[in-house]
Amino acid sequence: MTDSPRIHLGALLRSSSDDARAQGTLDHLHYEQGGTQQTLRFAEPAPFEVSVNALGGHEMYLQGSFEPVLIMECARCLRDVQVPLELRLGTLMRHEPSVNTPFLEEAESGEEVLVFGAPELDLSAYLAESALLAAPLSVLHDEACKGLCQVCGHDLNEGPCEHSAQVPVEAIDDELGTPEGSLHARQNPFAALADLKVPEE
């Protein structure tokens with residue numbers, strides 16, 4: 001298991017005829033977002049393999065693969081959901097000795113370039129961004145997930161809570177059809193009026 005995905009580029013920087021390679025497995029990745037340290041969790045060891053070749057001057061090209069199984073939260077009930085990804089990596093790189101922290105920038109061609117300074121390059125941020133860009137924006141642990149009670153936070157997949165209430169909906173005879181289902185909300189104060197009859201004059 002690798003603590004962080006690092007690749008040593010010293011020999012490649014000295015001789016364009018060399019290349020650099022790194023591989024291993026990761027159970028998480030640390031990266032920074034909005035000035036805050038974040039952790040990307042994996043359900044199982046995630047294999048990665050990268051190689052870097054010189055293109056001439058200060059430019060290089062990174063390619064490889066990364067196959068994490070992300071742990072994401074269900075958008076309704078917040079349960080863990082496993083999301084397998086198979087990523088094919090490929091990006092331009094540029095060496096600038098004055099750069100302290102590697103970063104991605106957009107080139108004039110529109111392609112992203114990984115800019116770095118130190119010969120020992122930590123690929124954590126790059127791999128994390130690649131995984132996050134490939135991941136879905138939201139996931140469900142089950143298509144029929146009932147979510148959480150908005151009052152007490154109870155997981156409704158485990159059964160109703162004290163705030164549950166069946167709210168009958170009267171049929172509507174129009175082109176929209178008849179609404180179905182029930183609401184998980186406060187007790188309807190008008191539900192008792194449904195059985196009242198208007199006396200005939």
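1. Secondary structure. In this predicted model, the protein chain is made up of 2 helices and 10 strands, and when these elements are read along the sequence they follow the pattern β-α-β-β-β-β-β-β-β-β-β-α. Of the 201 residues in the chain, 30% count as buried.

2. The aromatic pair. A search of the whole structure returns 1 aromatic pair, formed by Phe 42 and Phe 66 in an edge-to-face arrangement, with 5.9 Å centre to centre and 75° between the planes. Phe 42 belongs to strand E3 (residues 36–56) and Phe 66 to strand E4 (residues 59–66), so the pair ties together parts that are 24 residues apart in sequence. Both Phe 42 and Phe 66 are buried. The edge-to-face label follows because an angle between the planes of over 60 degrees is what that class requires, and the angle here is 75°.

3. Salt bridge between Arg 88 and Glu 67. The structure holds 7 salt bridges, and in one of them the side chains of Arg 88 and Glu 67 meet at 3.8 Å, N to O. Arg 88 is placed in strand E7 (residues 87–95), whereas Glu 67 sits in the loop between E4 and E5, so this contact ties together parts that are 21 residues apart in sequence. As for exposure, Arg 88 is exposed, at a relative accessible area of 58%, while Glu 67 counts as partly exposed, at 32% relative accessibility. The 3.8 Å distance should be read with the cut-off in mind, because a salt bridge is counted within 4 Å.

4. Salt bridge between Asp 155 and Arg 79. The side chains of Asp 155 and Arg 79 also meet in a salt bridge, here at 3.0 Å, N to O. Asp 155 is found in the segment after helix H2 (124–134) and Arg 79 in the loop between E5 and E6, so the pair ties together parts that are 76 residues apart in sequence.

5. The network around Arg 94. A salt bridge joins the side chains of Glu 96 and Arg 94 at 2.7 Å, N to O, and Glu 96 is partly exposed, with a relative accessible area of 26%. Arg 94 and Glu 96 are linked together with Glu 105 in a network of salt bridges.

6. At 47% relative accessibility, Leu 78 counts as partly exposed, since the exposed class begins only over 50%.

7. A negative surface patch. Which residues form the negative surface patch? Glu 106, Glu 111, Glu 112 and Glu 129 form it. Of these, Glu 106 lies in strand E8 (residues 103–106) and is exposed, with a relative accessible area of 62%.

Notes. Residues are numbered from 1 along each chain as its sequence is written. This is a predicted model: local features need pLDDT of at least 70, side-chain atom pairs count only at pLDDT 80 or more; totals for chains, interfaces and linings use all residues. Side-chain values use heavy atoms; hydrogens and water are left out. Patches are made of residues with over 30% relative accessible area and no salt bridge: like charges are joined within 9 Å, nonpolar side chains (Val, Leu, Ile, Met, Phe, Trp, Tyr) within 5 Å. Accessible areas come from the Shrake-Rupley method with a 1.4 Å probe; for residues, only the protein chains shown count as cover. Lys and Arg count as positive and Asp and Glu as negative; His and the chain ends are not counted. The place of a charge is taken as NZ of Lys, CZ of Arg, CG of Asp or CD of Glu. Helices (H or I, at least four residues) and strands (E, at least two) are DSSP runs, numbered from the N terminus. Buried means under 20% relative accessible area, exposed over 50%, partly exposed in between (1.4 Å probe, protein chains only). Rings of Phe, Tyr and Trp (its six-membered ring) pair if their centres lie within 6.5 Å; planes under 30 degrees apart count as stacked, over 60 as edge-to-face and the rest as tilted.
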